Amino acid sequence: MRNSLQLDDQGRLRHFLCIEGLNYPLLTDILDTAESFAGVTEQSVKKVPLLRGKTIVNLFFEASTRTRTTFELAAKRLSADVLNINITQSSTVKGETLLDTLRNLEAMHIDMFVVRHADSGAAHFIASHVAPHVSVINAGDGRHAHPTQALLDMFTIRRVKGADFGRLRVAIVGDVLHSRVARSQIHALNLLNTGDIRIVAPRTLVPAHADALGVHVYHDLEAGIEGADVIIMLRLQRERMQGALLPSEHEYYELFGVTEEKLAAAGPDVTIMHPGPINRGVEMDSEVADGPRSVILEQVTHGIAVRMAVMSMAMHRREEARA
Amino acid sequence: MSNIDNITGLLDSMADELRQLLKQAGCDNPAMVGIHTGGVWIAEQLHRKLGLSEPLGSLDISFYRDDFTRIGMNPVVRPSQLPFSIDDRHIILVDDVLHTGRTIRAAMNELFDYGRPASILLATLVERDGRELPIQANVVGVHVRLSSTQHIKLLGPQPLTLEINETS
């Protein structure tokens, strides 16, 4: 069902909701297209006229700075008009239903919705109710998926380590339980045939049946990052935690916080990633976050090119359908 | 149409014509821009023959094409490189084949995003029929008459050859 919702009958992007349902050629096609847009964003004139005349709405039901800003910049660099709507302080507070909000925005002839919501499945719900010419991009839904973040991480790994994921050991460290980023990353890494995918976390922060995702689970940091080529840190999501999952942030840092000292266990050329925002002194030491092996800021830059690729690909299929 | 086999000869006469045109128009210090991919190959040759001092610029106009939505995404789009200021500059725009004129329209749009050139001269190796826009080249290597089912394509970069194909 997901498959048919986000792809058209020729297997091209219609919406972009999650990594599941994509295939290897489409995923690499998106990454290649993003590579082209990365060239554009490095030019002195950073704008191309691809989506001129289109209107894109950033529909954010949940706070975000980095994701919203990079989506906005991506849309602007494609020459689209962008509207940012922060629903937490808008009509749903007055009792309007999600569908009514949607219908009202559609009446304004919107071409694309970029949706972030605290509930898993929100983007799917919206995608299944929009008019046929409207595309929906998932910018994070609950604990379910954050597919553009996963793509920009794959883009970053590919740039640093090359396109052969088969020889890579990738360790995802931290709060996997609450992380939509981790779920999308694991699906993307699997799709790219990554040699060894590991998750490293305290027992309380690993989802049940994690092995079914095709990953190796570790509860000891140094064992989990041994020989790793890439370490992806996750933010500790205090706001989503219910109950006593962790004794204290300090104890978490002692056991799972990445420091230069502990990094000795990883491969010599290990690359450090984090989707942000970083809790310094909780997930990692500042020395690691700001060190030469960190590509955390490159990830942010790549986010723009990847989002330009996804937006233009989803939108152009629609254009063709209309012509 | 045997002269399409002598590309070196065509390039020599194009360079001569360009030299004269630039002299007549009093364009000193022009800058040359090739359109990816074939136009860059032709521009590299002309740039050397004319001994221009500015480095060669290149444009990939994929993101500017009006039929982009119909031909779909071309995943390999190289960044455009214009290593000089466009403002008040005499620009020699170079492409391999002038056909509908849409590529040239897109290239000029992209150039104007970078600045306001003093003038643009268009040089193409091949000029064929089938124009859909009011665009003409100032310097042409060879004029060919082809039916709408025939396509002419530049292969290269080493060696440069022109190939005519029939499509159904």
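Analyst: Here are some questions and answers about terms used for this model. It is a predicted model, in which local features need pLDDT of at least 70, side-chain atom pairs count only at pLDDT 80 or more, and totals for chains, interfaces and linings use all residues. Residues are numbered from 1 along each chain as its sequence is written, chains are lettered from A and ligands numbered from 1 in the order in which they are written, and side-chain values use heavy atoms, leaving out hydrogens and water.

User: Why is Arg65(B) called partly exposed?

Analyst: Its relative accessibility is 22%. Buried means under 20% relative accessible area, exposed means over 50%, and partly exposed lies in between (1.4 Å probe, protein chains only). Arg65(B) therefore counts as partly exposed. You can find Arg65(B) in the loop between strand E2 (57-59) and helix H3 (68-71) of chain B. Helices (H or I, at least four residues) and strands (E, at least two) are DSSP runs, numbered from the N terminus.

User: What makes H1(B) and H2(B) oblique to each other?

Analyst: The axes of helix H1 (residues 7-25) and helix H2 (residues 38-50) of chain B cross at roughly 55° and come within 10 Å. Axes are lines fitted to C-alpha atoms, for helices over the stretch in contact, and angles run from 0 to 180 degrees between N-to-C directions. Under 35 degrees is roughly parallel, over 145 roughly antiparallel, 65 to 115 roughly perpendicular, and the rest oblique. H1(B) and H2(B) are therefore oblique.

User: Which residues of H1(B) and H2(B) make the contact?

Analyst: Contact means heavy atoms within 4.5 Å. Among the residues making it are Leu11(B) and Leu18(B) of H1(B), and Ile42(B) and Leu46(B) of H2(B).

User: How do you know that E1(A) and E3(A) pair?

Analyst: Two strands pair if DSSP finds at least two bridges between them. Strand E1 (residues 55-60) and strand E3 (residues 112-117) of chain A have five bridges, in the parallel sense. Asn58(A) stands opposite Val114(A) in E3(A). E3(A) is also joined to E4(A) by five bridges, again parallel, with Val115(A) opposite Asn138(A) in E4(A).

User: What makes E2(A) and E4(A) edge strands?

Analyst: Four strands of chain A form an open sheet in the order E2-E1-E3-E4. Strand E2 (81-86) and strand E4 (135-141) each pair on one side only.
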